[in-house]
Amino acid sequence: MFFPDTENSVKLGREVTEDIYHFEENPMLDCNQFIINDKSTGELALFDSGNGLSLKSLFEGMNNLGLDYRKITKVFLTHEHVDHVLGLYPLIKTLKSNPPELYAYGETAKILREGIESKIFPGNLGISPKMFGLEIIPLDVKILNIHETINIGSEFTFNIYYTPGHSQGSICYYESNKKILIPGDLVFTGGSFGRYDFPGGSLDALIESIKFVNNLDVKYLLPGHMGISDNGNPQIDYSYKMVQSIKSFF
Ligand SMILES: [Zn+2]
């Protein structure tokens, strides 16, 4: 196993703004995770599941903030890649007496429902589920629609936007009142943006998708990797300029 020992580590977590928490990605092939606490019911909604190896460290990080992982009742996925979805398999095993509902859009939902390993492990990353001690099995995933909104408690209402370019199944979750964008691997802080060279990726689509979210009013930018920001629009704009400059090379 070439992955670092994440079994005994703790995912560093902090409250971003009221009732939404960020848990930092572990070093290797993991992702940032976000949790919304519905105070009225005590239920928790998780955005992206990490790589599975990091699940215990997420639970530890949650525990440090007084959040009980057994209260996770919903998991929302941004896209189909290994570092975002693999944690689903151990999570549903762990919570088997009261498994959370899983939600995804389009290709992501299809890939998870059918258990298409080659699309969860894109390109030639040289890794397999065995390295994570897992087997890809079909999952009972509910399908999100683009025009529906997701309510988490009475405080959070997310729109879903289809934003391809990094992968075929990539979506963004946007909360307009609180100005929160959860863009998966579309756009990162510091002028970075998602890879477009995996199967199903497209530079043109990535540019269009970043342009689209650049027109949203975003304070909290909560991407799948690297840091988060409470200065969202200037960050997205920076990435938009950077991705356009890449395009001008071709
Ligand atoms: Zn990805």
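What follows is a working chat about a predicted model.

Reader: What are the ground rules for numbering and confidence?
Author: Residues are numbered from 1 along each chain as its sequence is written. The model is predicted, so local features need pLDDT of at least 70 and side-chain atom pairs count only at pLDDT 80 or more, while totals for chains, interfaces and linings use all residues.

Reader: What is the strand order in the open sheet of five strands?
Author: The order is β8-β9-β10-β11-β12, and the pairing is mixed. Strands here are DSSP E runs of at least two residues, helices are H or I runs of at least four, and both are numbered from the N terminus. Two strands pair if DSSP finds at least two bridges between them.

Reader: Which strands stand at the edges?
Author: β8 (149-152) and β12 (220-221) do; each has a single partner strand, so one side of each is left without a neighbour in the sheet.

Reader: In what sense do β11 and β12 pair?
Author: β11 (residues 180-182) and β12 are parallel, over two bridges. Ile-180 is opposite Tyr-220 in β12.

Reader: Changing topic: which residues of α7 are buried?
Author: Gly-232, Gln-235, Ile-236, Ser-239 and Val-243. Buried means 20 or more other C-beta atoms within 10 Å of the residue's own, exposed means 12 or fewer, and partly exposed is in between, with C-beta atoms placed from the backbone.

Reader: Where do they fall around the axis of α7?
Author: Within an arc of 95°, so they line one face of the helix. The arc is that of the directions from the helix axis to the C-beta atoms. On the other side of α7, Pro-234, Lys-241, Gln-244 and Ser-245 are exposed.

Reader: And what do the buried residues of α7 pack against?
Author: β11, α6 (203-214) and β12. Contact means that the C-beta atoms of two residues, placed from the backbone, lie within 7 Å.

Reader: Which residues are buried in α4?
Author: In α4 (residues 106-114), Thr-108, Ala-109, Ile-111 and Leu-112 are buried. They cover an arc of only 165° around the axis, which puts them on the same side of α4. They pack against α2 (82-85), β6 (101-105), α5 (117-120) and β7 (141-144).

Reader: What follows α4?
Author: Gly-115, with a positive phi near 70°.

Reader: Last one: is His-79 buried or exposed?
Author: His-79 is buried, with 31 other C-beta atoms within 10 Å. His-79 is in the loop between β5 (72-76) and α2. Leaving out residues up to four places away in sequence, His-79 touches several residues, including Thr-108, His-166 and Asp-185.
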